[in-house]
Amino acid sequence: MNLKADFAIIGGGIGGVTCAETLSHLNPDTNIVLITASSLIKTVTNLVQVSERIESFDVEEKPKSYLESTLPNVQVVHAAVAILDSENHILKTSDGTSVGYKKVCICTGGRPKVIVEDNPFVLGIRDTESVQEFQKRLKNARRIIVIGNGGIATELVYEVEGCEVIWAIKDKSISSAFVDAGAAQFFLPCVNKEKTESRKPLKRHKYTEEGKDDVTRPKNVTGGALGPDWSVNRDMVGNQQGSHKVHIEYSVEMANIFKLDEIKTNGKKIENPSTFDQITDDWPVCVELTNGKIYGADFIVSATGVVPNSHQFSANNFEIAEDGGIKVNDKMETNVKDVFAAGDICTASWIPAPHWIQMRLWSQARQMGCYAAKSMVASLSNEDVTLDFCFELFTHMTKFFNYKVILLGKFNGQGLGEGQEILLRFTEGVEYVKAIIQDGHLQGAVLIGETDLEETFENLILNKIDLTLFKEHLLDPNIDIEDFFD
Ligand code: FAD
């Protein structure tokens with residue numbers, strides 16, 4: 001099959017789909033082709049504008065026909081792009097389709113940074129298939145070892161029930177990719193707490209890749225990264241009674257993986273946390289941590305982040321950033337003519353606004369996909385675009401341990417250097433508020449719980465309000481700061 005497109009997009013994740021939707025809305029007369037290796041595409045639904053810059057939304061998986069029926073000028077091809085021939089402006093898929101394009105956007109996401117490749121006892125969590133595999137194995141598991149300290153590990157540790165969990169983290173506090181040690185302390189009692197909320201059925205329909213013929217997807221090409229509700233209401237139950245049993249090992253990394261007989265031959269000792277039930281030593285796999293402790297488990301979950309899929313089209317000599325992403329400028333253009341990139345695959349290589357940082361999140365994949373589309377349209381008609389205002393302030397809204405979490409600006413003081421002042425308000429089990437002030441101005445904030453401070457804090461950061469005289473009262477619960485700054 002030979003296709004011709006004004007705009008081509010590679011990848012059916014949030015970045016690629018948002019790019020296709022925006023292109024279609026901006027330019028209904030053009031011809032758009034989206035090529036995706038996953039049989040289901042990701043769409044954003046139930047978008048709620050929480051404040052001017054904070055959005056909350058759901059991510060749904062839909063069949064490709066959904067996009068084609070809602071956007072008449074978009075054609076979706078289910079195949080993996082094998083070659084990007086940027087010189088001749090042609091994409092070639094592994095099943096022989098070729099697509100000629102004027103502008104192309106790469107939205108191929110990332111792949112899990114698995115601690116050990118090709119070990120049957122090590123599982124990386126990335127897409128729907130890998131979660132299904134995880135659920136299947138968990139059903140027969142007594143104990144698992146979770147390696148990693150980001151969002152995926154945090155959610156997993158909270159969701160798994162009926163199975164002991166050894167949580168091995170390289171930092172001194174939990175969930176450090178998102179929150180500081182103080183907030184980690186706030187969450188700590190939740191780690192082993194019985195869950196009170198019941199599992200409610202999801203209101204929306206979930207499509208599944210199960211049973212679909214995915215032959216066009218080579219083994220090294222992943223499906224779309226999971227969306228924000230990837231762990232909600234999924235059955236994550238082991239074969240034991242009871243709710244949570246989590247033991248945390250701080251400041252460690254994985255040193256070695258052994259089989260049980262290797263441990264026995266070497267005369268090494270297997271640890272058993274005193275609060276755990278499993279005192280057996282018939283584990284299929286054992287992990288030695290860098291503190292010398294050895295734990296047995298049924299399997300290991302590697303939740304140590306993702307690396308961009310930038311290896312796929314390396315023949316084009318893309319400039320690659322230190323974190324492995326394809327570098328893009330402030331128009332989402334790569335160094336290769338007419339090739340744009342958006343979402344997890346790319347690394348923002350412009351000089352960022354003072355309160356913005358890149359994090360590989362669904363919200364940023366959406367923002368980048370949308371802005372890349374605007375930029376592609378402008379480029380086709382030789383017009384200019386200015387960087388979208390969503391890149392002025394970092395915002396992220398999520399849930400950890402069933403608490404609402406909002407992160408604003410330089411929420412962990414990233415790159416602020418000396419002279420930071422930290423203001424805290426902390427009520428155990430209710431809320432944790434951290435405000436970072438530098439030179440009298442609010443630079444970032446962590447808001448956990450129903451604080452109702454997000455809109456005011458967002459304005460304080462963006463409007464660069466001088467708080468020198470007011471900072472003593474900024475977190476005073478008896479003062480309505482919203483009124484004060486109105
Ligand atoms: P992806 O969603 O990865 O999509 C990439 C697409 O490209 C896929 O369709 C893939 O099949 C396709 N593709 C790849 N190679 C090819 C090829 N050669 N040819 C054709 N198609 C190809 N973010 C949050 O904000 N909140 C969360 O709670 C959260 N939880 C997460 C939990 C997990 C387990 C994971 C893995 C990620 C999570 N993230 C979360 C991150 C978020 O999911 C990603 O940042 C986001 O989905 C990236 O979107 P994307 O479109 O750039 O890439």
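Helix α7 supplies the largest share of the lining of the largest cavity, 4 residues. The structure described here is a predicted model, in which local features need pLDDT of at least 70 and side-chain atom pairs count only at pLDDT 80 or more, while totals for chains, interfaces and linings use all residues. Residues are numbered from 1 along each chain as its sequence is written, and side-chain values use heavy atoms, with hydrogens and water left out. Helices (H or I, at least four residues) and strands (E, at least two) are DSSP runs, numbered from the N terminus.

A cavity is here a set of points, on a 1 Å grid over the protein atoms alone, where a 1.4 Å probe fits but cannot get out; lining residues have an atom within 4 Å of a point. At least two lining residues come from each of β5 (55–63), α7 (362–380) and β24 (395–400). Among the residues that line the largest cavity are Glu 55 and Phe 57, Trp 362, Ser 363, Arg 366 and Gln 367, and Thr 395, His 396 and Met 397. By class, the lining has 4 nonpolar, 4 polar and 3 charged residues (Ala, Val, Leu, Ile, Met, Phe, Trp, Tyr, Cys and Pro count as nonpolar, Asp, Glu, Lys and Arg as charged, and the others, Gly among them, as polar).

For "domain: FAD/NAD(P)-binding", an unreviewed UniProt entry lists residues 6–159 and 262–369; such positions are given in the numbering used here, feature names are shortened, and annotations may be inferred rather than shown by experiment. The span 6–159 is 26% helix and 39% strand, and its end C-alpha atoms lie 44 Å apart.

Turning to the cysteines, the structure holds 0 disulfides, a disulfide being a pair of cysteine sulfur atoms within 2.5 Å. The closest cysteine sulfur to that of Cys 105 is in Cys 107, at 3.7 Å, too far for a bond. For Cys 370, the closest cysteine sulfur is in Cys 390, and the 7.4 Å between them is likewise too far for a bond. Cys 105 counts as buried at 0% relative accessibility, whereas Cys 370 is partly exposed at 22% (buried means under 20% relative accessible area, exposed over 50%, partly exposed in between, with a 1.4 Å probe and protein chains only).

Several loop residues also deserve a look. Ser 86, in the loop between β7 (81–85) and β8 (90–93), is buried at 13% relative accessibility. Its side chain makes a polar contact with the side chain of Asn 316 at 2.6 Å (a pair of N or O atoms within 3.5 Å; within protein, one must be able to donate a hydrogen and the other to accept it, and residues adjacent in sequence count only if both atoms are side-chain atoms).

Asn 317, in the loop between β20 (306–308) and β21 (326–328), has a positive phi of about 55° and is exposed, with a relative accessible area of 59%. Most residues other than glycine have a negative phi. Asn 382, in the loop between α7 and β24, has a phi near 55° and is exposed at 73%. Within α8 (residues 454–462), the buried residues include Phe 457, Leu 460 and Ile 461.

Definitions and conventions: On a 1 Å grid over the protein atoms alone, a cavity is a set of points where a 1.4 Å probe fits but cannot get out, and a pocket is an open set with protein on both sides within 12 Å along at least five of seven lines; lining residues have an atom within 4 Å of a point.
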